[in-house]
Amino acid sequence: MKIIKWGFIGCGEVTEKKSGPAFQQIEGSMIQAVMSRSEERARSYAERHGIKRWYTDAQELIDDPDVNAIYVATPPSSHAMFAIMAMRAGKPVYVEKPLAASYDDCTRVNRVSEETGVPCFVAYYRRCMPYFDKVRSIIKDGIIGDVMSVEVRLSVPPRLSDYENDNLPWRVQPDIAGGGYFYDLASHQLDLLQQIFGVILEANGICANRRGLYEAEDTVSACFRFENGLPGSGSWCFVGHESAVEDSIAIVGDKGQVTFSVFNYNPIRLQTSEGTRSIVVPNPSFVQHPLIKQVVEHLQGIGICECTSVSATPVNWALDRILGKF
């Protein structure tokens, strides 16, 4: 492919703020068409962003002869269906994270990708951000020595929308999201850690619904082990007090410790025998830009993107194990 002409299935908030503009900025990439079940939303998005065509039917968008790649930006429960539809039509697909709402659905996507030979990429864009490149280099360069343990901590208060019983956000509806906020947010954290330390081979968790605001779990504690034997633990609370907000991953080595955030991009904190340093690393305006660039160059045959459905599937395995799905 010379020019990657994208068709968007879904045109919600993530496409406005994180991904959409990047597709237009990257050389050899453009948005050809968008689709939403809402005619008003699809038309408005196309008009505001100067996109030629809009649809209310996903199959019609996939069948558009001028669209040669598909971006799936819908809630997770439909990721596998739309990805498979695209690949069976011979069109590469870039799917929002997590890859699907269950590990089983991930394996279905991988089977179709293998059968058709059509690639499927996943939007774990933090893999390519400069902030996390710095964290990886600190570990790889041995600045904190051999890594002994990993601890994940995330605590946030409920969102105002969590109190809207008749109109709860899809992220807390397990049949749509795969779980609650844990499934949505911990996926980024576990993907980053597996990229650094290898696949998680053991995972267990204890889940609870402490506030009863919605059906999904709102509090999770977990322990896990990576393929290199490294143990890790995590604590997630989505109904904490606003004074107790925390977003951190601490990686402890025998020569020091590095602590960083995944969502707030707080300065990286490096502690060694030489003292404590705060490291500020700026990120691009549109955070998905570096990963989308890799995907485009892969499809153009001038690069390789390793953020594929196969590499993303172990995240869902770990999430499902922690939630006790199997």
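How many positive and negative side chains does the protein chain have, and how far apart do the centres of the two sets lie? The protein chain has 32 positive side chains and 39 negative ones, and the centres of the two sets lie 3 Å apart. Lys and Arg count as positive and Asp and Glu as negative, with His and the chain ends not counted; each charge is placed at NZ of Lys, CZ of Arg, CG of Asp or CD of Glu.

This is a predicted model, in which local features need pLDDT of at least 70 and side-chain atom pairs count only at pLDDT 80 or more, while totals for chains, interfaces and linings use all residues. Residues are numbered from 1 along each chain as its sequence is written, and side-chain values use heavy atoms, with hydrogens and water left out.

**Fold and packing**
- The protein chain contains ten helices and 14 strands, which are DSSP runs (helices H or I, at least four residues; strands E, at least two) numbered from the N terminus.
- Its C-alpha atoms fill a box of roughly 60 × 50 × 35 Å along the principal axes.
- Of the 326 residues in the protein chain, 51% are buried (under 20% relative accessible area, with a 1.4 Å probe and protein chains only).

**Cysteines**
- The structure holds zero disulfides, a disulfide being a pair of cysteine sulfur atoms within 2.5 Å.
- C120 is in no disulfide, and the nearest cysteine sulfur, that of C106, is 9.2 Å away.
- C120 is buried, with a relative accessible area of 2%.
- C237 is also in no disulfide; the nearest cysteine sulfur to C237 is that of C207, 13 Å away.

Note on methods
Buried means under 20% relative accessible area, exposed over 50%, partly exposed in between (1.4 Å probe, protein chains only).
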